[in-house]
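User: I'd like to go through this protein with you, one question at a time. Here it is.

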Amino acid sequence: MLARSTTWATLALLFSFAARAALAADTPADTPELPAAAPERERIAIIGTGNVGSALGRRWAAAGHDIIYGSRSPEAGRIQALLALTGPTAQAALPEEAVREADIVVLAIPWRVAEDTVQALGDLSGRVVIDPINPSLFTEGRVERGHPALGEALAALAPGADFVKTLNTTSYRNMLDPPADRSITVPLAGDDASAVARVARLVTQLGLTPRMIGPLYNARYLEAMGNLYIYVNVIQRPEVPLEYHF
Ligand SMILES: NC(=O)c1ccc[n+]([C@@H]2O[C@H](COP(=O)([O-])OP(=O)(O)OC[C@H]3O[C@@H](n4cnc5c(N)ncnc54)[C@H](OP(=O)(O)O)[C@@H]3O)[C@@H](O)[C@H]2O)c1
């Protein structure tokens, strides 16, 4: 227990220095210490081909990763168009096929279908799972929580997978076209430091600044941050949109 929290503290310290130095120098943030076995080129299965899935697929393909989209209709014309935009090595398959050879699985799907989808994906053990889902309920000018702790609930459905909650606190537009100064902070919560380090590298490659926020338990607070982000930017619509920077 002590060893684990020491590892976390060390990683958080290293990471915070790296991110600050990068911001100051206006250069990409260094990633936290990656496990020696982390492949340079990740095989990423992206489940869902909407705003978030297509933005992440395109950007991570451009960064040199292998992308396979998991779609309910992989043969559809819009998916073929997305493959053409993503690059020559990109593929599409049904979700349960897409995850088979993947190192990393991204759940870019609506929260209402997330639990069923994770179960239908089959055995995810050994995979890193990125969860960017906001369980949001829109009611009379409010954004309510559709689930008290969806990130943890999803992880409980996939024993042996390392879940990382992240990328739910900014818009897909910033995943596709981030501000040049890397001013958007993207918090990450996960229990496995190596998995978090691999996902932090992917966040950095998007041009966003990752920041570790401790164990997956904290996913519930990231989900609350996501709802606040949606409330401000979708309901209040201020002239200057809210982006997290800390
Ligand atoms: N939009 C944002 O800026 C943003 C930012 C951060 C986080 N998020 C979160 O990321 C997730 C995806 O958001 P999004 O904006 O990409 O959503 P979206 O544009 O609606 O895309 C969701 C995708 O999920 C797949 N899907 C699987 N089962 C589905 C079902 N029963 N009904 C509808 N779609 C289904 C679909 O892909 P196929 O048709 O190919 O199966 C669909 O394109 C959400 O949980 C959202 O809260 C969104």
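User: How many bridges join strand E8 to E9, and which way do they run?

Analyst: Quick note before we start: this is a predicted model, where local features need pLDDT of at least 70, side-chain atom pairs count only at pLDDT 80 or more, and totals for chains, interfaces and linings use all residues. Residues are numbered from 1 along each chain as its sequence is written. Helices (H or I, at least four residues) and strands (E, at least two) are DSSP runs, numbered from the N terminus, and two strands pair if DSSP finds at least two bridges between them. Strand E8 covers residues 162-165, and the number of bridges to E9 is two, with the strands running antiparallel.

User: Which residue stands opposite Leu188, and in which strand?

Analyst: E9 also pairs with strand E10 (residues 209-212), in the parallel sense and over four bridges. For Leu188, the residue opposite in E10 is Met212.

User: How many of the six residues of strand E9 are buried?

Analyst: Buried here means 20 or more other C-beta atoms within 10 Å of a residue's own; 12 or fewer is exposed, in between is partly exposed, and C-beta atoms are placed from the backbone. Strand E9 (residues 185-190) is largely enclosed by the rest of the structure, because its count of buried residues is five.

User: What does helix H2 reach from its first C-alpha to its last?

Analyst: H2 spans residues 51-62, which makes 12 residues. The expected span is 1.5 Å times one less than the number of residues.

User: How many residues of H2 are buried, and what do they pack against?

Analyst: H2 is largely enclosed by the rest of the structure, since nine of its 12 residues are buried. Among them are Val52, Ala55, Leu56, Arg59 and Trp60. Contact means that the C-beta atoms of two residues, placed from the backbone, lie within 7 Å. The elements that the buried residues pack against are strands E1 (43-47), E2 (66-70) and E4 (104-107), plus helices H3 (77-86), H7 (172-176) and H8 (193-205).

User: Which residue is 6.2 Å from Met175, C-alpha to C-alpha?

Analyst: Met175 sits in helix H7 and counts as buried because it has 24 C-beta neighbours inside 10 Å. Leaving out neighbours within four places in sequence, its contacts include Val52, Leu56 and Arg59. The residue 6.2 Å away is 120 residues off in sequence: Ala55.

User: Which residues come nearest to the ligand?

Analyst: A residue is near a molecule if its C-beta atom, placed from the backbone, lies within 6 Å of it. H2 supplies the largest share of the shell around the ligand, three residues. Of the 21 residues around the ligand, the nearest are Gly48, Gly50, Asn51, Val52 and Ser71.

User: Which residues have the most contacts inside the largest nonpolar core?

Analyst: A nonpolar core is a set of buried Ala, Val, Leu, Ile, Met, Phe, Trp, Tyr and Cys residues joined through C-beta atoms within 7 Å. The largest one has 58 residues, and those with the most contacts inside it are Val105, Val106, Leu107 and Val199.

User: Which residue in the hairpin of E6 and E7 takes a positive phi?

Analyst: Strands E6 (residues 136-139) and E7 (residues 142-145) run antiparallel and are joined by four bridges. Leu137 has Glu144 as its bridge partner in E7. Two residues lie between the strands, and the one with a positive phi, near 45°, is Glu140.
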